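Here is a briefing on one protein model. Please look at the sequence and the fold before reading on.

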Amino acid sequence: MLKPLLTLTGGLIATLAVTAAQAKPLSQEDLSVAEVLRDRALESSDAYSIVESLTVEVGPRRAGTEGDRRAVAWAQEKMKKLGFDRVYTEQIDVQRWHRGHAHAEVTAPFPQPLVVTSLGYSAPTPEGGLTAEIVEFSDVEALIEAPAKKVKGKIAFINKRMERARTGEGYGPAVQGRSRGMRAAAEKGAAALLLRSVGTDSDRFAHTGMMSIDGVENPVPALALSAPDANLLEAMLERGKPVEVKLDVHNERLADGPSFNVIGEITGREKPEEAMIIGAHLDSWDEGTGALDDGAGVAIVMETARLIAELPQRPRRTLRVILYGAEEIGLVGARQYVDAHRGELDNIIAVSESDFGAGKIWRFDTRLPENKFDIADQMMQLLAPLGIERGNNQSSGGPDSSVFVAQGVPAFGLYQDGTDYFDYHHTPNDTLDKVDPDNLKQNVAAWVVMSFLAAEMKEDLGRVPTEN
């Protein structure tokens, strides 16, 4: 708080200065503590140690698998060692699936193998595989609009390229083929679906990922092609001859089973019933070790909580870290958490999630009522020295956080540079060597500023009107 100015005209000036200081939602003391936390984070390698532990000691952890079970046990043990006041799990129900062998090859007119991977929850081929002519579509909309006679009995090939961007904005248009393509192919009687991988790389790795499968009466095999192999098929088709491909896929749907959200709390000293939620998702796809997606996010939020737990006193509100289960197959953990806690949503002051790899954070977005922007402005005083700029007020807070935002919960978004994120996303190449330790330190520094100040501020953030 500013001290009164003892001058001849100081009375009025002092009054205005004190009033202005009191009007700020965060005190100078709060900002000073956050600055110390930020600087500690920049000196600590503990976040990297956490993601190294997860990828080495657990590895792939697709929802409902043995790797997922190990990850849940790992997370509980790690949170306890890091000094969380309370650690617990909440069970969720997940659809389960076994990935088997997937093979593809061009049989005519220019025989050669293709690099593919099954999309999540893909159906198998008949025993012995299937061979059919491919028919190309520029995107999923073209497939949806095509007459069924053009598709029936053939392999639909969606050849949509993803555009590279720091924001990752090319993902939305491209991923429509993965999420909706199999359904459209099945409805038109296709034998199978081939999809140019949803990624920005030119490596011969195929990118897996989830599809829309609920309610599809006759699901067909669905495979992603590496970008070079999609280019190969494209070049073959340009020669004007029919291209036939053989697929041999062995996958299996399993009975539904349990997974878990893993939750750790730093209990608030004054308002323990109110919580700032920060999160990441614990599950990963099964072909890499899930270092970027989302091991880095797990490490960032766990290390953020550890640093805050080391303060002489707890923040005013509870800091709740949720490691969501089954994000990759449809935000399952977040959806079931919100359903189970609808009566408590008013006690959640805000949400945020780290789920975009380990690139350096460059932008700070929010979703706040307009009369609360001054909180973000004060946070920016400490974020700007990290190379972070102020963004917009349209943040979802991250994929899992978006489920809370849909209910009017405010959100903060710390956005990483995703220029190369989709080179590795959902591939065998998502491994620890892609995580830059210095970038991870900068991430934690930003997260600890935002998380501490949100949990410590005296007032709350209200609610944000939803589109509904």
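Where is glutamine 407 found? Glutamine 407 lies in the loop between helix H12 (401-405) and strand S16 (411-416). Helices (H or I, at least four residues) and strands (E, at least two) are DSSP runs, numbered from the N terminus.

This is a predicted model: local features need pLDDT of at least 70, side-chain atom pairs count only at pLDDT 80 or more, and totals for chains, interfaces and linings use all residues. Residues are numbered from 1 along each chain as its sequence is written, and side-chain values use heavy atoms, with hydrogens and water left out.

**Glutamine 407**

- Glutamine 407 is partly exposed at 37% relative accessibility. Buried means under 20% relative accessible area, exposed over 50%, and partly exposed in between (1.4 Å probe, protein chains only).
- Leaving aside neighbours within four places in sequence, glutamine 407 is in contact with Val338, Arg342, Leu345 and Thr466. Contact means heavy atoms within 4.5 Å.
- The C-alpha atoms of glutamine 407 and valine 338 are separated by 9.0 Å. These two residues are 69 residues apart along the chain.
- The side chains of glutamine 407 and arginine 342 make a polar contact at 3.3 Å. A polar contact is a pair of N or O atoms within 3.5 Å; within protein, one must be able to donate a hydrogen and the other to accept it, and residues adjacent in sequence count only if both atoms are side-chain atoms.

**Serine 352**

- Serine 352 belongs to strand S13 (residues 348-353). With 0% relative accessibility, serine 352 counts as buried.
- The side chain of serine 352 reaches the backbone oxygen of phenylalanine 412 at 2.6 Å.
- Beyond its neighbours within four places in sequence, serine 352 is in contact with residues including Met276, Ile278, Gly397, Phe412, Trp447 and Met450.

**Strand S7**

- Strand S7 (residues 192-196) is mostly covered, with five of its five residues buried.
- Both faces of S7 are covered. Ala192, Leu194 and Arg196 are buried on one side, Leu193 and Leu195 on the other.
- Strand S6 (residues 155-158) runs parallel to S7, joined by four bridges. Two strands pair if DSSP finds at least two bridges between them.
- Alanine 156 stands opposite leucine 193 in S7.

**Aromatic rings**

- The structure holds eight aromatic pairs. In tryptophan 97 and tyrosine 121, the ring centres are 5.5 Å apart and the planes at 20°, so this pair is stacked. Rings of Phe, Tyr and Trp (its six-membered ring) pair if their centres lie within 6.5 Å; planes under 30 degrees apart count as stacked, over 60 as edge-to-face and the rest as tilted.
- Tryptophan 97 lies in strand S1 (residues 86-98) and tyrosine 121 in the loop between strand S4 (116-118) and strand S5 (130-137), so the pair ties together parts 24 residues apart in sequence.
- Tryptophan 97 is buried at 2% relative accessible area, and tyrosine 121 is buried at 4%.
- Tyr171, Phe356, Tyr421 and Phe422 form one aromatic cluster.

**Charges over rings**

- The charged end of arginine 86 sits over the ring of tyrosine 88, 3.9 Å from its centre. A charge sits over a ring if NZ of Lys or CZ of Arg is within 6 Å of the ring centre and within 35 degrees of the ring normal.
- Arginine 166 lies over the face of tryptophan 362, at 3.5 Å from the ring centre.

**Salt bridges**

- The count comes to 27 salt bridges. A salt bridge is a side-chain nitrogen of Lys or Arg within 4 Å of a carboxyl oxygen of Asp or Glu.
- Arginine 269 and glutamate 270 meet in a salt bridge (3.9 Å, N to O). Glutamate 270 is partly exposed, with 48% relative accessible area. Arginine 269 is partly exposed, with 31%.
- Arginine 269 also meets glutamate 456 in a salt bridge (2.8 Å, N to O). That pair links distant parts of the chain, 187 residues apart: arginine 269 is in the loop between strand S10 (252-266) and strand S11 (271-281), and glutamate 456 is in helix H14 (residues 437-456).
- Glutamate 456 is buried, with a relative accessible area of 5%. Glutamate 456 forms a salt bridge with arginine 316, the closest N and O atoms being 3.3 Å apart.
- Asp46, Glu303, Arg306 and Glu310 are linked in a network of salt bridges.
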